[in-house]
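Let's take a walk through a protein model together.

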Amino acid sequence: MRINLHIHTALSACADNSMSPRRIVERAIAAGIEMLAVTDHNASANSAAAITRGRDAGIRVVPGIEITTREEVHVLAFFDELAPLLDLQKLIDCNLPKEDNAETFFGLQLIYDATDQITGVDDRLRQVGLDIGIDRITREITDRGGYAVPAHVFRARHSLTSQLGFVPENESFAAVEVGRKTWIRDGFIPGTQVCGYPAITGSDAHFLDDIDDFGIALPGTFAAVTEVFQALRDVTA
Amino acid sequence: MTVIELIRELQLDPLHVVDSGEQTVDGVYCGDLLSDVLANCPPGAVWFTVQGHVNIIAVAELRDAACVVVANGVTPDEQTVERACSNGVTLCGSKSTGAELILKLAGKLCAD
């Protein structure tokens, strides 16, 4: 199964405003992707529309989010269901600075429905870190039955290595994500480990064209992200 | 200046002090990106940061820092204090900002 677990929608201020759930789903299907995750910065308001659109179009959409921790490390979180993500969102909203988004600087944060209509603009500042450290947020994700995956761990910005020097051991990370360029350059495959964690990659798509660059291919067909991480552990073992 | 003199001078909150604070403080560094601290913190320095994550102890060890000060009222993670104790790294806290502490320290280190 072809899986891309890192796609932003127009709800991320830094993503293109045309990244509606419907367009993302259509583009992913055209690219041969069979499961995708929507991962907006500290936000999940476009997840429901993406899941609905995906169900109608026959592609699995995983509820996800890309959280910025207190250390300004990006951590992806994935769930089998939407409800625990929305519960985590409440915790996130309580721990974000109470500031408005600077739209002219960061960009708009658009909420779409499943039919491509813009139904709202999220005016909360989300391009910043929460007042929650990576240890606690990892616990909050796993306590809700989710999977915590530090994003693009070797990147020079917002990564474990840039912010915290190196990948900490013995954390409850389900995997670590390696940026697409590093993945290709260093010959990563599903089953490669980084500091004892299974490695994955994703497109980190901010534009529709980025989606074609699919993440990983794993043998089997998966109904939910739990099965993906099980399959990943199987190929890593 | 020794670590214990530094603690008194800046009224730091000692969380773990190695060798009764007799080590000499040879320099100052201020940084929160641990990749930068790993590359640039001079050995023997007092290092000011707002990071409370356990990785600061590993970085302090690798750079031979004389003392880590978690400033700005940030409470280091529980694991951070545990690792400071088990790995023999001097760790202090302070409610003041790193800038305030460094200004207080200005000139004092060179005066030795």
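Here is a short tour of a helix pair and some salt bridges.

First, some ground rules: this is a predicted model, where local features need pLDDT of at least 70 and side-chain atom pairs count only at pLDDT 80 or more, while totals for chains, interfaces and linings use all residues. Residues are numbered from 1 along each chain as its sequence is written, and side-chain values use heavy atoms, with hydrogens and water left out.

Start with helix α1 (residues 21-30) and helix α2 (residues 47-57) of chain A, whose axes come within 8 Å and cross at roughly 40 degrees.

Now for salt bridges, meaning a side-chain nitrogen of Lys or Arg within 4 Å of a carboxyl oxygen of Asp or Glu.

Next, find R126(A) and D93(A), whose closest N and O atoms are 2.9 Å apart in a salt bridge. R126(A) sits in the loop between β6 and α5 of chain A and D93(A) in helix α3, so the pair ties together parts 33 residues apart in sequence. Is R126(A) buried or exposed? At 7% relative accessibility, R126(A) counts as buried (under 20% relative accessible area; exposed is over 50%, partly exposed in between, with a 1.4 Å probe and protein chains only).

Notes. Chains lettered and ligands numbered in written order. Axes fitted to C-alpha atoms, helices over the stretch in contact; angles between N-to-C directions. Helix = DSSP H or I, 4+ residues; strand = E, 2+ residues; numbered from the N terminus.
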